[in-house]
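Thanks, everyone, for making the time.

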Amino acid sequence: MQIAGTTDFVQETPQGVPGQRRNLVAACLAHVLHDGYTDLLYALLPVWQTQFGLSYAGLAAVRALYYGTMSGLQIPGDTMIKRFSARTALVLSTLIAAIGFLTMALPLGFAGLCVGLVLAGVGSSVQHPRAALLVTNTFGRAARGPLGIYNFSGDLGKATLPAIVAVLLPVLAWREVIGLMGLVGLAVAFSLFRLIPERQALAWLRTRSAPSRAEGFRASRC
């Protein structure tokens, strides 16, 4: 649950606030998964091209189902769920992405692959704005360092999950590999549910003295 005006007036968060580390770990975990989901698809594109007899144009269209949905829905998707708490938003988005991968793993043919890609793109679309906001609201003016850690975690996901998929593809069928990635997403969604406090964001603002009128005026100008 967000508190009105917290994005406009952010004070420096005192050290040792309960939940800081958990929120940062949760945001990084979500970033690892969703960025990993994004890049592991590159390892699967040649497999799909052979499996479904796709031309280069068809392969580009399949790729666009995920990347176009993920990129195009970041702002409208975040706007639609802004009333949700950080925990609800991140858990829900991760569940949808994982369900998308599980749908791709089902023997539903090319149509099932396309539906799964769209679902996965919808789920991953809100991760960046909501996870970054979670870190910013948790750490306040001290968020520069934690945001750097959050950004780096995405690179870990891009390096790790595609490598795992590349190692598994010669051993397992591609649907089994995608199914495993979907199960990983479900595990991450459960972890996010446990890590992020139910009443999110800035209990520390309530315990601090209210800003002066001059401070409030300066904040409203930002």
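The axes of α4 and α6 come within 10 Å and cross at roughly 150°, where an axis is a line fitted to C-alpha atoms, for helices over the stretch in contact, and the angle, taken between N-to-C directions, runs from 0 to 180 degrees. Helices here are DSSP runs of H or I with at least four residues, strands are runs of E with at least two, and both are numbered from the N terminus. The crossing of α4 and α6 is left-handed, a word that applies if the near helix is turned anticlockwise from the far one by less than a right angle, with right-handed used if the turn is clockwise. On the α4 side the residues are A86, A89 and L90, and they meet Q127, R130, A131 and L134 in α6, contact meaning heavy atoms within 4.5 Å. By class, the residues of this contact of α4 with α6 divide into 5 nonpolar, 1 polar and 1 charged, with Ala, Val, Leu, Ile, Met, Phe, Trp, Tyr, Cys and Pro counted as nonpolar, Asp, Glu, Lys and Arg as charged, and the others, Gly among them, as polar.

Before going further, a word on where this comes from: this is a predicted model, with local features needing pLDDT of at least 70 and side-chain atom pairs counting only at pLDDT 80 or more, while totals for chains, interfaces and linings use all residues. Residues are numbered from 1 along each chain as its sequence is written, and side-chain values use heavy atoms, with hydrogens and water left out.

Let me stay with Q127, which is found in helix α6, residues 127–139. Is Q127 buried or exposed? Q127 counts as buried because its relative accessibility is 0%, the cut-offs being under 20% relative accessible area for buried, over 50% for exposed and partly exposed in between, with a 1.4 Å probe and protein chains only. Not counting residues up to four places away in sequence, Q127 touches A27, A30, H31, H34, D35, L90, A132 and Y150.

T94 lies in α4 and is buried, with a relative accessible area of 0%. Leaving aside neighbours within four places in sequence, T94 is in contact with L33, H34, G185, V188, A189 and L192. As for α4 as a whole, the helix is mostly covered, with 14 of its 20 residues buried. At 1.5 Å a residue, those 20 residues should span 28 Å, and the end C-alpha atoms of α4 are 29 Å apart, which agrees; the expected span is 1.5 Å times one less than the number of residues.

Next comes the partner of α4 in another pairing, α5. The axes of helix α4 (residues 86–105) and helix α5 (residues 109–124) come within 7 Å and cross at roughly 165°. That makes α4 roughly antiparallel to α5, given that angles over 145 degrees count as roughly antiparallel, under 35 as roughly parallel, 65 to 115 as roughly perpendicular and the rest as oblique. The crossing in which α4 passes α5 is left-handed. The residues in contact include S93, I96 and G100 of α4 and G112, G116 and L119 of α5. By class, this contact of α4 with α5 has 11 nonpolar, 7 polar and no charged residues.

Helix α5 also packs against helix α2 (residues 56–72), at an angle of about 20° and with the axes 7 Å apart. That makes α2 roughly parallel to α5, and their crossing is right-handed.

Then there is helix α8 (residues 174–195), whose 22 residues should span 32 Å at 1.5 Å a residue, and whose end C-alpha atoms are 31 Å apart, which agrees. Among the buried residues of α8 are W174, G185, V188, A189 and L192, and what covers the buried residues of α8 includes α1 (20–52), α4 and α7.

Finally, the overall picture: the protein has 10 helices and 0 strands, and buried residues make up 42% of its 222 residues. Among contacts between residues at least 6 apart in sequence, 83% join residues at least 24 apart.
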